[in-house]
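Student: I have a chain on my screen and would like to learn how to read it. Could you take me through it feature by feature?

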Amino acid sequence: MREPAFWHRPSSWTSQLLRPLAALYGAVAARRMQQPGIDAGIPVIFVGNYHVGGAGKTPTVLALAKLLRELDERPVVLSRGYGGRLAGPVKVDRDHHTAADIGDEPLMMAATLPVVVSRDRAAGLALARAQNASVILMDDGFQNPSVLKDTCLIVIDATRGVGNGRVIPAGPLRAPLSPQLERTDALIVVGEGSGAKKIAADLAARGKPVLSAHLRPDEASLSALRGQRVLAFAGIGDPARFFNTLRASGVDVVRNTAFADHHAFTKDEIAQLVADARGDALTLVTTEKDLARLRGPAGMPAWAQPIVPFAVTLQFEDAAALRRLVSDQLFKARSRRLGASARS
């Protein structure tokens, strides 16, 4: 879906008119968040957003998975598989599944770690644990109460923040901000800007860690684009951030085209983009997530071969602070379960 422009304006008649619906939606969402969840039996680290739209959640999951492996943990991702047709539970297999089966983000993450897709999060726990997991990384679903979350790490874009701060459909929030803040264990602010400053200050005043991070281009991606003039396209939550990241990395973006988040590209659409790029002697570039939606079980089809992926990783300003946070949360989660077991 494309986010309505008024979601990111401070004042809008459309937003005002939708406030009664937003109040109803928010009340239901807030009440639902209070329901108890199923205990996975092992630590569950959740990564998500307060709002609809992209903020850097998938790069955060991948960065955490790398850190967990450095701590000798065995992380497995549990995802809803947004946009996929399979309800699951199913372990993602890149040799058999496509983005149409299990969603673009799970398919992309499965290149480097085990990923389980299940629309019923609780039903996915057993399969995730069966992958020899010592830790489950939950990808999205902060407002879903079905699984007990030991640690909730919320990702927010430094520029966009939470838009107008109102609940769907009047704004981008998935639930009222107050109950979401109460359940936040740490905030990860991605990029530069002041859009998240107020929320960060609020959480810091509550004694919650606030970590700063930045999306950094992969050196191989930069090398492939160095000296090239490009046509960039993206169908993610915030395409403008991708285009800005390219420009900030020194890539000459001559033209750019934005599509709705999780857009299912057709062969004809890609053929048109390839023709447009060739006509202006431009290199065609997109995100890894967009490229995942073009991938078939046998790999990338020939008609998508001209597209160059631009890979990024999330780097934290204070990596030691993140390491301490994750280590402490794992210790608390395991201590809580040991204590509960001893009492029973």
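Tutor: Gladly! Let's begin with a pair in the sheet: Asp 157 stands opposite Val 190 in strand 7. This is a predicted model, where local features need pLDDT of at least 70, side-chain atom pairs count only at pLDDT 80 or more, and totals for chains, interfaces and linings use all residues. Residues are numbered from 1 along each chain as its sequence is written, and side-chain values use heavy atoms, with hydrogens and water left out.

Student: How many bridges join strand 6 to strand 7, and how do these strands run?

Tutor: Strands are DSSP runs of E, at least two residues long, and helices are runs of H or I, at least four, both numbered from the N terminus. Two strands pair if DSSP finds at least two bridges between them. Here strand 6 (residues 151-157) and strand 7 (residues 186-190) run parallel, joined by 5 bridges.

Student: What is the strand order of the open sheet?

Tutor: Its 9 strands follow the order 3-4-2-5-1-6-7-8-13, with mixed pairing. Strand 3 (90-91) and strand 13 (312-316) are at the edges with a single partner strand each, so one side of each has no neighbour in the sheet.

Student: Which residues have the most contacts inside the largest nonpolar core?

Tutor: A nonpolar core is a set of buried Ala, Val, Leu, Ile, Met, Phe, Trp, Tyr and Cys residues joined through side-chain atoms within 4.5 Å. Buried means under 20% relative accessible area, exposed over 50%, and partly exposed in between, with a 1.4 Å probe and protein chains only. The largest core has 39 residues, and Ile 45, Leu 64, Leu 137, Phe 316 and Val 326 have the most contacts inside it. Helix 3 (residues 57-70) gives the most to this core, with 6 residues. Apart from it lies another core of 34 residues, including Cys 152 and Ala 200.

Student: Is Thr 283 buried or exposed?

Tutor: Thr 283, in strand 11 (residues 283-287), is buried, with a relative accessible area of 15%. A polar contact is a pair of N or O atoms within 3.5 Å; within protein, one must be able to donate a hydrogen and the other to accept it, and residues adjacent in sequence count only if both atoms are side-chain atoms. The side chains of Thr 283 and Gln 228 make such a contact at 2.9 Å.

Student: What share of the 344 residues in the chain is buried?

Tutor: Buried residues make up 53% of them.
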